[in-house]
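Thank you for making the time this morning.

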Amino acid sequence: MPAPKTRDLELTRNQLADWLRGKLPGAKSVTIASLSGPSETGFSSDTLMFDAESSDGARTRTERLVARFKPSGFTVFPTYDIAMQFRIMRALGEQSDVPVPRMRWLEEDERQLGAPFYVMDRVDGRVPNDNPPYHAAGWVPELSPADRAALWWSGLDAMARVHRLDCRTLGLDGLDQPARGETPLAQQLREYDEYIAWGMDASRYPLLDQARRWLHANVPAEDRVGLCWGDSRLGNQIFDGTTCVAVIDWEMARLGDPVQDLAWWIVLDRCFSEGLGCERLAGFPDRAATIARWEQLVGRPARDIEYYEVLGLYKFTAIMARVILQMKHYEIFPADSDMDADNLASQTLARVLADVR
(Lines give C-alpha, C1' and ligand atoms only; values in the text may rest on other atoms or scores of the structure.)
Protein backbone atom coordinates (compact mmCIF):
# COMPACT_ATOMS: atom_id res chain seq x y z
CA MET A 1 0.00 0.00 0.00
CA PRO A 2 1.21 3.58 -0.63
CA ALA A 3 2.39 5.69 2.27
CA PRO A 4 0.33 8.77 3.17
CA LYS A 5 1.30 11.65 0.93
CA THR A 6 3.41 14.12 2.86
CA ARG A 7 3.93 17.74 1.96
CA ASP A 8 7.44 18.83 0.98
CA LEU A 9 7.93 21.55 3.58
CA GLU A 10 10.85 23.24 1.84
CA LEU A 11 8.98 23.41 -1.45
CA THR A 12 5.88 24.64 0.38
CA ARG A 13 7.96 27.26 2.20
CA ASN A 14 9.14 28.72 -1.11
CA GLN A 15 5.72 28.50 -2.76
CA LEU A 16 4.02 30.18 0.20
CA ALA A 17 6.57 32.98 0.21
CA ASP A 18 6.04 33.62 -3.51
CA TRP A 19 2.26 33.50 -3.13
CA LEU A 20 2.19 35.81 -0.09
CA ARG A 21 4.26 38.47 -1.86
CA GLY A 22 1.15 39.15 -3.91
CA LYS A 23 -1.09 39.28 -0.84
CA LEU A 24 0.78 41.33 1.75
CA PRO A 25 0.59 45.05 0.93
CA GLY A 26 3.95 46.60 0.05
CA ALA A 27 5.89 43.37 0.59
CA LYS A 28 9.08 43.28 -1.47
CA SER A 29 10.26 40.08 0.17
CA VAL A 30 8.61 37.36 2.26
CA THR A 31 10.29 34.68 4.35
CA ILE A 32 8.40 31.75 5.86
CA ALA A 33 9.66 30.70 9.28
CA SER A 34 8.56 28.08 11.81
CA LEU A 35 6.64 26.04 9.23
CA SER A 36 5.03 23.00 10.85
CA GLY A 37 1.85 21.01 11.32
CA PRO A 38 -0.12 21.08 14.58
CA SER A 39 0.86 18.42 17.10
CA GLU A 40 -2.71 17.14 17.36
CA THR A 41 -4.08 17.50 13.85
CA GLY A 42 -7.25 15.89 12.52
CA PHE A 43 -7.11 12.89 10.21
CA SER A 44 -9.15 14.66 7.55
CA SER A 45 -7.19 17.89 7.41
CA ASP A 46 -3.94 19.17 5.94
CA THR A 47 -2.97 22.10 8.13
CA LEU A 48 0.26 24.09 8.39
CA MET A 49 1.24 26.79 10.86
CA PHE A 50 3.90 29.33 10.02
CA ASP A 51 5.28 32.82 10.56
CA ALA A 52 5.38 35.11 7.54
CA GLU A 53 8.12 37.72 7.79
CA SER A 54 7.65 40.43 5.16
CA SER A 55 9.71 43.51 4.36
CA ASP A 56 8.87 46.63 2.39
CA GLY A 57 12.54 47.60 2.30
CA ALA A 58 12.33 49.85 5.36
CA ARG A 59 10.82 47.65 8.03
CA THR A 60 10.04 43.99 8.70
CA ARG A 61 6.68 42.69 9.85
CA THR A 62 5.85 39.21 11.20
CA GLU A 63 2.42 37.61 10.99
CA ARG A 64 1.47 34.30 12.62
CA LEU A 65 -0.68 32.39 10.16
CA VAL A 66 -2.34 29.03 9.47
CA ALA A 67 -2.96 27.48 6.06
CA ARG A 68 -5.51 24.73 5.60
CA PHE A 69 -5.41 22.69 2.39
CA LYS A 70 -7.91 20.43 0.68
CA PRO A 71 -6.85 16.85 1.56
CA SER A 72 -5.82 14.32 -1.06
CA GLY A 73 -5.15 10.59 -1.26
CA PHE A 74 -7.30 8.15 0.72
CA THR A 75 -9.58 10.73 2.28
CA VAL A 76 -12.09 10.49 5.12
CA PHE A 77 -14.78 12.40 3.20
CA PRO A 78 -15.59 12.25 -0.51
CA THR A 79 -15.59 16.02 -0.96
CA TYR A 80 -14.09 19.02 0.84
CA ASP A 81 -15.52 22.45 0.18
CA ILE A 82 -12.58 24.58 1.27
CA ALA A 83 -14.24 27.70 -0.14
CA MET A 84 -17.41 27.17 1.91
CA GLN A 85 -15.38 26.65 5.11
CA PHE A 86 -13.62 29.94 4.43
CA ARG A 87 -16.88 31.78 3.76
CA ILE A 88 -18.55 30.44 6.88
CA MET A 89 -15.73 31.58 9.15
CA ARG A 90 -15.41 34.91 7.38
CA ALA A 91 -19.16 35.54 7.73
CA LEU A 92 -19.08 34.61 11.41
CA GLY A 93 -16.07 36.82 12.03
CA GLU A 94 -17.63 39.81 10.28
CA GLN A 95 -21.28 39.43 11.27
CA SER A 96 -21.44 37.72 14.67
CA ASP A 97 -19.91 37.38 18.12
CA VAL A 98 -18.82 33.78 17.48
CA PRO A 99 -15.06 33.63 18.18
CA VAL A 100 -13.30 32.50 15.01
CA PRO A 101 -9.87 33.20 13.54
CA ARG A 102 -9.61 36.20 11.22
CA MET A 103 -9.81 34.85 7.69
CA ARG A 104 -7.21 36.31 5.33
CA TRP A 105 -7.20 34.73 1.88
CA LEU A 106 -8.83 31.96 -0.13
CA GLU A 107 -6.92 30.32 -2.99
CA GLU A 108 -8.99 28.01 -5.18
CA ASP A 109 -6.33 27.52 -7.88
CA GLU A 110 -4.60 24.25 -7.03
CA ARG A 111 -1.68 25.14 -9.28
CA GLN A 112 -0.38 27.56 -6.65
CA LEU A 113 0.48 25.02 -3.91
CA GLY A 114 -0.90 21.75 -5.23
CA ALA A 115 -4.38 22.03 -3.68
CA PRO A 116 -6.97 24.69 -2.89
CA PHE A 117 -6.38 26.29 0.50
CA TYR A 118 -7.18 29.20 2.76
CA VAL A 119 -5.08 31.22 5.16
CA MET A 120 -6.20 32.61 8.51
CA ASP A 121 -4.61 34.29 11.49
CA ARG A 122 -3.18 31.95 14.09
CA VAL A 123 -5.00 32.14 17.44
CA ASP A 124 -2.83 31.65 20.49
CA GLY A 125 -4.09 29.16 23.04
CA ARG A 126 -4.46 25.47 23.77
CA VAL A 127 -6.71 22.80 22.26
CA PRO A 128 -7.99 19.84 24.32
CA ASN A 129 -6.38 16.58 23.20
CA ASP A 130 -8.01 14.31 20.64
CA ASN A 131 -5.49 11.51 20.56
CA PRO A 132 -5.40 10.35 23.27
CA PRO A 133 -8.59 12.16 24.33
CA TYR A 134 -8.59 14.93 26.89
CA HIS A 135 -10.15 12.71 29.59
CA ALA A 136 -7.01 10.58 29.53
CA ALA A 137 -4.07 12.83 28.65
CA GLY A 138 -2.84 16.32 27.97
CA TRP A 139 -3.40 19.52 29.88
CA VAL A 140 -7.10 19.13 30.72
CA PRO A 141 -6.54 16.46 33.44
CA GLU A 142 -4.16 18.92 35.13
CA LEU A 143 -6.98 21.45 35.64
CA SER A 144 -9.01 21.65 38.82
CA PRO A 145 -12.63 20.41 38.65
CA ALA A 146 -13.79 24.03 38.82
CA ASP A 147 -11.60 24.98 35.88
CA ARG A 148 -12.86 22.00 33.88
CA ALA A 149 -16.41 23.17 34.47
CA ALA A 150 -15.45 26.68 33.33
CA LEU A 151 -13.80 25.22 30.21
CA TRP A 152 -16.93 23.22 29.35
CA TRP A 153 -19.31 26.13 29.89
CA SER A 154 -17.17 28.54 27.88
CA GLY A 155 -17.03 26.08 25.00
CA LEU A 156 -20.76 25.51 25.16
CA ASP A 157 -21.42 29.25 25.20
CA ALA A 158 -19.28 29.75 22.08
CA MET A 159 -21.25 27.01 20.32
CA ALA A 160 -24.60 28.46 21.43
CA ARG A 161 -23.66 31.80 19.85
CA VAL A 162 -23.78 30.02 16.48
CA HIS A 163 -27.25 28.71 17.27
CA ARG A 164 -28.66 32.13 18.12
CA LEU A 165 -27.85 33.45 14.65
CA ASP A 166 -30.30 33.96 11.82
CA CYS A 167 -28.44 32.00 9.17
CA ARG A 168 -30.43 33.72 6.42
CA THR A 169 -28.40 36.88 7.00
CA LEU A 170 -25.01 35.19 6.60
CA GLY A 171 -25.09 34.58 2.84
CA LEU A 172 -24.50 30.83 3.14
CA ASP A 173 -27.18 29.55 0.78
CA GLY A 174 -24.70 27.08 -0.66
CA LEU A 175 -25.14 24.88 2.41
CA ASP A 176 -28.62 23.91 1.25
CA GLN A 177 -28.71 20.63 -0.73
CA PRO A 178 -32.22 20.47 -2.25
CA ALA A 179 -31.28 17.69 -4.66
CA ARG A 180 -30.87 15.39 -1.63
CA GLY A 181 -34.25 16.09 -0.04
CA GLU A 182 -36.92 18.59 0.89
CA THR A 183 -35.65 19.29 4.42
CA PRO A 184 -32.17 19.63 5.91
CA LEU A 185 -32.65 16.42 7.90
CA ALA A 186 -33.80 14.48 4.83
CA GLN A 187 -30.74 15.84 3.02
CA GLN A 188 -28.45 14.74 5.83
CA LEU A 189 -29.87 11.21 5.98
CA ARG A 190 -29.45 10.90 2.21
CA GLU A 191 -25.92 12.26 2.41
CA TYR A 192 -24.89 9.59 4.92
CA ASP A 193 -26.53 6.85 2.84
CA GLU A 194 -24.29 8.04 0.02
CA TYR A 195 -21.29 8.37 2.35
CA ILE A 196 -21.52 4.78 3.57
CA ALA A 197 -22.02 3.50 0.01
CA TRP A 198 -18.94 5.46 -1.10
CA GLY A 199 -16.64 4.85 1.83
CA MET A 200 -17.04 1.24 2.95
CA ASP A 201 -18.58 -2.17 2.37
CA ALA A 202 -21.91 -1.64 4.14
CA SER A 203 -22.41 -5.37 4.71
CA ARG A 204 -19.52 -5.31 7.19
CA TYR A 205 -21.36 -2.84 9.43
CA PRO A 206 -24.81 -4.19 10.41
CA LEU A 207 -24.95 -1.78 13.34
CA LEU A 208 -24.98 1.14 10.90
CA ASP A 209 -27.94 -0.42 9.10
CA GLN A 210 -29.81 -0.86 12.40
CA ALA A 211 -29.22 2.79 13.27
CA ARG A 212 -30.19 3.91 9.78
CA ARG A 213 -33.51 2.06 9.94
CA TRP A 214 -34.27 3.55 13.38
CA LEU A 215 -33.44 7.06 12.18
CA HIS A 216 -35.65 6.78 9.10
CA ALA A 217 -38.51 5.38 11.18
CA ASN A 218 -38.39 8.14 13.80
CA VAL A 219 -37.77 11.35 11.85
CA PRO A 220 -38.87 14.36 13.93
CA ALA A 221 -40.26 17.63 12.66
CA GLU A 222 -37.69 20.38 12.14
CA ASP A 223 -39.08 23.33 14.09
CA ARG A 224 -35.96 25.43 13.68
CA VAL A 225 -33.37 25.45 10.92
CA GLY A 226 -30.12 27.24 11.55
CA LEU A 227 -26.40 27.04 10.97
CA CYS A 228 -24.89 23.94 12.55
CA TRP A 229 -21.16 23.77 13.26
CA GLY A 230 -21.15 20.03 12.59
CA ASP A 231 -18.04 18.79 14.39
CA SER A 232 -19.02 20.50 17.64
CA ARG A 233 -16.65 19.43 20.40
CA LEU A 234 -14.02 20.72 22.80
CA GLY A 235 -11.25 19.37 20.57
CA ASN A 236 -12.26 21.87 17.88
CA GLN A 237 -11.94 24.91 20.12
CA ILE A 238 -8.95 26.98 21.17
CA PHE A 239 -8.78 28.15 24.79
CA ASP A 240 -6.96 30.93 26.57
CA GLY A 241 -6.99 29.57 30.10
CA THR A 242 -10.56 28.32 30.40
CA THR A 243 -12.04 30.80 27.91
CA CYS A 244 -12.88 29.70 24.37
CA VAL A 245 -11.20 32.14 21.98
CA ALA A 246 -11.81 30.31 18.68
CA VAL A 247 -14.25 27.83 17.17
CA ILE A 248 -12.48 25.96 14.38
CA ASP A 249 -12.92 23.08 11.90
CA TRP A 250 -16.09 23.81 9.93
CA GLU A 251 -15.79 21.05 7.32
CA MET A 252 -18.96 19.31 8.61
CA ALA A 253 -21.04 22.51 8.80
CA ARG A 254 -24.60 22.33 7.50
CA LEU A 255 -28.10 23.70 7.83
CA GLY A 256 -30.41 21.91 10.25
CA ASP A 257 -31.86 21.91 13.74
CA PRO A 258 -29.03 23.26 15.93
CA VAL A 259 -29.91 20.73 18.65
CA GLN A 260 -27.84 18.30 16.60
CA ASP A 261 -24.70 20.24 17.56
CA LEU A 262 -25.63 19.89 21.22
CA ALA A 263 -26.20 16.17 20.72
CA TRP A 264 -22.82 15.77 18.96
CA TRP A 265 -21.14 17.71 21.80
CA ILE A 266 -22.63 15.30 24.36
CA VAL A 267 -22.11 11.99 22.54
CA LEU A 268 -18.57 12.75 21.39
CA ASP A 269 -17.59 13.46 24.99
CA ARG A 270 -19.26 10.19 25.94
CA CYS A 271 -17.29 8.31 23.25
CA PHE A 272 -14.01 9.86 24.45
CA SER A 273 -14.65 8.66 27.99
CA GLU A 274 -17.10 5.77 28.31
CA GLY A 275 -16.33 4.59 24.79
CA LEU A 276 -12.69 4.09 25.75
CA GLY A 277 -13.39 2.67 29.20
CA CYS A 278 -12.01 5.89 30.65
CA GLU A 279 -13.52 7.59 33.67
CA ARG A 280 -14.97 11.00 32.87
CA LEU A 281 -12.98 13.74 34.58
CA ALA A 282 -14.47 15.36 37.67
CA GLY A 283 -15.84 18.84 37.13
CA PHE A 284 -17.28 18.37 33.65
CA PRO A 285 -21.05 19.02 33.83
CA ASP A 286 -23.32 16.07 33.13
CA ARG A 287 -25.76 15.62 30.25
CA ALA A 288 -28.80 17.06 32.03
CA ALA A 289 -26.96 20.18 33.18
CA THR A 290 -25.47 20.67 29.71
CA ILE A 291 -28.86 20.45 28.02
CA ALA A 292 -30.38 22.85 30.56
CA ARG A 293 -27.60 25.41 30.06
CA TRP A 294 -27.86 25.21 26.28
CA GLU A 295 -31.61 25.76 26.48
CA GLN A 296 -31.00 28.87 28.57
CA LEU A 297 -28.38 30.17 26.16
CA VAL A 298 -30.43 29.73 22.98
CA GLY A 299 -33.84 30.39 24.50
CA ARG A 300 -35.61 27.26 23.33
CA PRO A 301 -36.01 23.63 24.39
CA ALA A 302 -33.67 20.92 23.11
CA ARG A 303 -36.50 18.92 21.60
CA ASP A 304 -35.68 15.58 19.98
CA ILE A 305 -32.24 15.48 21.62
CA GLU A 306 -32.41 11.67 21.84
CA TYR A 307 -32.98 11.40 18.10
CA TYR A 308 -30.03 13.64 17.33
CA GLU A 309 -27.82 11.71 19.75
CA VAL A 310 -28.51 8.55 17.74
CA LEU A 311 -27.91 10.48 14.53
CA GLY A 312 -24.62 11.82 15.87
CA LEU A 313 -23.39 8.39 16.91
CA TYR A 314 -24.50 6.93 13.58
CA LYS A 315 -22.47 9.54 11.73
CA PHE A 316 -19.46 9.20 14.03
CA THR A 317 -19.52 5.41 13.71
CA ALA A 318 -19.47 5.71 9.91
CA ILE A 319 -16.69 8.30 10.04
CA MET A 320 -14.63 6.18 12.44
CA ALA A 321 -15.01 3.21 10.11
CA ARG A 322 -13.62 5.28 7.27
CA VAL A 323 -10.79 6.65 9.44
CA ILE A 324 -9.70 3.12 10.39
CA LEU A 325 -9.97 2.00 6.75
CA GLN A 326 -7.70 4.93 5.91
CA MET A 327 -5.20 3.68 8.50
CA LYS A 328 -5.41 0.18 7.07
CA HIS A 329 -4.84 1.54 3.58
CA TYR A 330 -1.66 3.24 4.73
CA GLU A 331 -0.64 0.20 6.83
CA ILE A 332 -0.81 2.12 10.09
CA PHE A 333 -3.23 -0.57 11.27
CA PRO A 334 -3.00 -4.23 10.17
CA ALA A 335 -5.35 -5.30 7.39
CA ASP A 336 -7.09 -7.83 9.64
CA SER A 337 -7.92 -5.32 12.39
CA ASP A 338 -11.61 -5.17 13.28
CA MET A 339 -11.38 -1.70 14.79
CA ASP A 340 -13.26 -0.20 11.84
CA ALA A 341 -16.34 -2.11 13.02
CA ASP A 342 -15.64 -2.21 16.76
CA ASN A 343 -14.46 1.05 18.32
CA LEU A 344 -15.37 3.83 20.74
CA ALA A 345 -18.14 5.09 18.44
CA SER A 346 -19.75 1.79 17.49
CA GLN A 347 -19.76 0.51 21.07
CA THR A 348 -21.45 3.69 22.29
CA LEU A 349 -23.96 3.58 19.43
CA ALA A 350 -24.86 -0.02 20.29
CA ARG A 351 -25.59 0.94 23.89
CA VAL A 352 -27.73 3.92 22.89
CA LEU A 353 -29.70 1.88 20.33
CA ALA A 354 -30.43 -0.71 23.00
CA ASP A 355 -31.89 2.03 25.19
CA VAL A 356 -34.12 3.65 22.57
CA ARG A 357 -35.70 0.48 21.23
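Before I come to the helices, one convention: the axes I will mention are lines fitted to C-alpha atoms, for helices over the stretch in contact, and the angles run from 0 to 180 degrees between N-to-C directions. Please also keep in mind throughout that what you see is a predicted model.

Let me begin with helix H4, residues 184–199, whose axis comes within 11 Å of the axis of H8, the two crossing at roughly 25°. Since angles under 35 degrees count as roughly parallel, H4 and H8 are therefore described as roughly parallel to each other, and their crossing is left-handed. On the H4 side the contact is made by Leu185, Gln188, Leu189, Tyr192, Asp193, Tyr195, Ile196, Trp198 and Gly199, and on the H8 side by Tyr307, Tyr308, Leu311, Tyr314, Lys315, Ala318, Ile319, Arg322 and Leu325. Sorted by class, the contact of H4 with H8 has 13 nonpolar, 2 polar and 3 charged residues.

Now to another partner of H8, which spans residues 305–329: the axis of helix H5, residues 206–217, comes within 10 Å of the H8 axis, and the crossing angle is roughly 150°. H5 and H8 are therefore roughly antiparallel to each other, and here, too, the crossing is left-handed. If you look for the residues involved, Leu208, Ala211, Arg212, Trp214 and Leu215 in H5 meet Tyr307, Val310, Leu311, Tyr314, Thr317 and Ala318 in H8. By class, the contact of H5 with H8 has 9 nonpolar, 1 polar and 1 charged residues.

Is His163 buried or exposed? At 1% relative accessibility, His163 counts as buried, and, leaving out residues up to four places away in sequence, it touches Arg224, Leu227, Pro258, Asp261, Trp294 and Val298.

Val162 also lies in helix H3, and Val162 is buried, with a relative accessible area of 1%. With residues up to four places away in sequence again not counted, Val162 touches Val98, Leu227 and Trp250. The C-alpha atoms of Val162 and Val247 are separated by 9.8 Å, although these residues are 85 residues apart along the chain.

In helix H6, residues 259–271, I would point you to Val267, which at 3% relative accessibility counts as buried. Apart from its neighbours within four places in sequence, Val267 is in contact with Glu309, Gly312 and Leu313. Val267 and Val356, for their part, are 89 residues apart in sequence and 15 Å apart in space, taken from C-alpha to C-alpha.

Conventions. Residues are numbered from 1 along each chain as its sequence is written. This is a predicted model: local features need pLDDT of at least 70, side-chain atom pairs count only at pLDDT 80 or more; totals for chains, interfaces and linings use all residues. Side-chain values use heavy atoms; hydrogens and water are left out. Helices (H or I, at least four residues) and strands (E, at least two) are DSSP runs, numbered from the N terminus. Angles under 35 degrees count as roughly parallel, over 145 as roughly antiparallel, 65 to 115 as roughly perpendicular and the rest as oblique. A crossing is left-handed if the near helix is turned anticlockwise from the far one by less than a right angle, and right-handed if clockwise. Contact means heavy atoms within 4.5 Å. Ala, Val, Leu, Ile, Met, Phe, Trp, Tyr, Cys and Pro count as nonpolar, Asp, Glu, Lys and Arg as charged, and the others, Gly among them, as polar. Buried means under 20% relative accessible area, exposed over 50%, partly exposed in between (1.4 Å probe, protein chains only).
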